[in-house]
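Welcome! Here is a short tour for anyone meeting this structure for the first time.

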Amino acid sequence: MSEAKNEFYNVYEVFSKKTDKSPFQHQFSLLAPNADMALIMAKENFFRREQVADIWVVKRENIRGLSQSEREMLKRLDKDYRETKGYGYLKKKWREYNQEQFTEQHILGGKGDAQ
Amino acid sequence: MAAMLDYDRLTEDEKLEHFMERINRGEKIEADDWMPDDYRISLIRLISMHGISEIMGALPEKEWVPKAPSLHRKLAIMAKVQDEMGHGQLLLRVAEDLMAPLGKNREDIMQDLFSGKLKFHNVFHMSAPTWGDAGMIAWLVDGAAIISQSMMLDSSYGPYARALKRICAEEVFHAQHGESIILAMAEGTPEQRDMLQDSLNRWWTSLIMFFGPKSAKETGNSNADKNIMYKIRAKTNEELRQEFFTKYIPRIWSLGLTIPDETIRFDEQTQMWIYKDVDWNEFKQIVTGNGPESHNRLDLRRRSYDNNAWVRDALAAKRAI
């Protein structure tokens, strides 16, 4: 046993969806010697009570995540120009022309109620 | 890319400063983030002890699965034992990710438990001779555990906080399971009430000890202050013990039970409970493996690990093909 101790277990990350309609969500990780055992352990560890519609187990070594420096970089990104909050000043502008700014619903809706 | 290079170029001192700033801003530290060794060691000590206590904590209750007084009680206590093992699995996983850079894994945790290097909570070294004890463990021992766990729900270490969130959700069931047992006994025959009182007498000292000493001077070592500095925990041992008193003493009294400490009272002036302190030397004896059941439970754990070795061997062999 002692020689095999470092190779026996793999770390698996567990993902699940609660209902057919919900997206997969990360739950936690567990140790298992193979994917089948990982699924059994996932059911035992995380879904004794919780409702679950589907489960994925993924070997952690197959996941390419971000390093800390890559995560730090994300915090520095300014993405206002990609979001509506970067265009908040438009409301005031349109008022100067006696117009109401279109809401998201007006832009997407096409219900003809945007005069 | 510039920012990435910036972080990698930080000196150790700058990384430490950045780390403390993140903690003080309330950010969560993840397993693969840079962290000072001191923080890593504190977390490993706390979480491996917590995890293995869940595993060892299932043993006194497991003794009651075959002896529970009805099918309903048997199913409920079996579910609780299963939960405790599940909590152990979660917490050991958190500890293992922290230990990985030190070249240690689950096998080391188990061996450290067997050699006595890794300690577990004082309460799980004690015997549970009656059904009253099963009730007392679920009501008051779990009650005490809920108080100390929920104060760490906002812990600076993200994986621990997430594990505790899952654990606390199930603790609600455990608390109610315990209340259900002790209320049935409290409303039962005089023999059942006596049995309940005996259990309380047996567990009171252990419950006081559960939260640990007030300060380092009682046992010569306390990691609580450091853990508060790193925002791993939010409150001192004594604050937690006082919360426990405030939450449970009125309930214990309301059932007509007597607390085996005639000096205990709430002091209006200091807004603190005054109580008879315990012998912290005895506490030290218990947690170092000299409690009434320490040897038996460790032996059971060791035998079960050895008896199941063939399952691990069989699975390992299949993988090698």
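## Chain B at a glance

Chain B is built from 14 helices and two strands. Both kinds of element are DSSP runs numbered from the N terminus, helices being H or I with at least four residues and strands E with at least two. Along its principal axes, the C-alpha trace of chain B spans about 75 × 65 × 35 Å. A compact globule of 321 residues would have a radius of gyration near 20 Å, and chain B agrees with its 21 Å. That radius is taken over C-alpha atoms, and the globule rule is 2.2 Å times the number of residues to the power 0.38.

Before going further, please note that this is a predicted model: local features need pLDDT of at least 70, side-chain atom pairs count only at pLDDT 80 or more, and totals for chains, interfaces and linings use all residues. Residues are numbered from 1 along each chain as its sequence is written, while chains are lettered from A and ligands numbered from 1 in the order in which they are written.

## H3 and H4 of chain B

Let us start with helix H3 (residues 37–62) of chain B, which packs with H4(B) at an angle of about 160 degrees, their axes 8 Å apart. Axes are lines fitted to C-alpha atoms, for helices over the stretch in contact, and angles run from 0 to 180 degrees between N-to-C directions. H3(B) and H4(B) are therefore roughly antiparallel; angles over 145 degrees count as such, under 35 as roughly parallel, 65 to 115 as roughly perpendicular and the rest as oblique.

By class, the contact of H3(B) with H4(B) has 15 nonpolar, six polar and six charged residues. Here Ala, Val, Leu, Ile, Met, Phe, Trp, Tyr, Cys and Pro count as nonpolar, Asp, Glu, Lys and Arg as charged, and the others, Gly among them, as polar.

## H7 of chain B and its partners

Helix H4 (residues 71–99) of chain B also packs with helix H7 (residues 158–186) of chain B, at about 170 degrees and with axes 10 Å apart. This pair, H4(B) and H7(B), is therefore roughly antiparallel too. Among the residues that meet are B:Leu90 and B:Leu91 in H4(B), and B:Ala163 and B:Ile167 in H7(B); two residues are in contact if their C-beta atoms, placed from the backbone, lie within 7 Å. The residues of this contact divide into eight nonpolar, three polar and five charged.

H7(B) packs with helix H8 (residues 190–210) of chain B as well, at about 130 degrees with axes 7 Å apart. That makes H7(B) oblique to H8(B). B:Ile182, B:Met185 and B:Ala186 of H7(B) make the contact with B:Gln192, B:Arg193, B:Met195 and B:Leu196 of H8(B).

## Where chain B meets chain A

How many residues does the contact take from each chain? It takes 21 residues from chain B and 22 residues from chain A. On the side of chain B, helix H1 (2–9), H4, helix H5 (106–115) and helix H14 (309–320) each give two or more residues. The largest share, six residues, comes from H14(B). By class, this side of chain B divides into eight nonpolar, four polar and nine charged residues.
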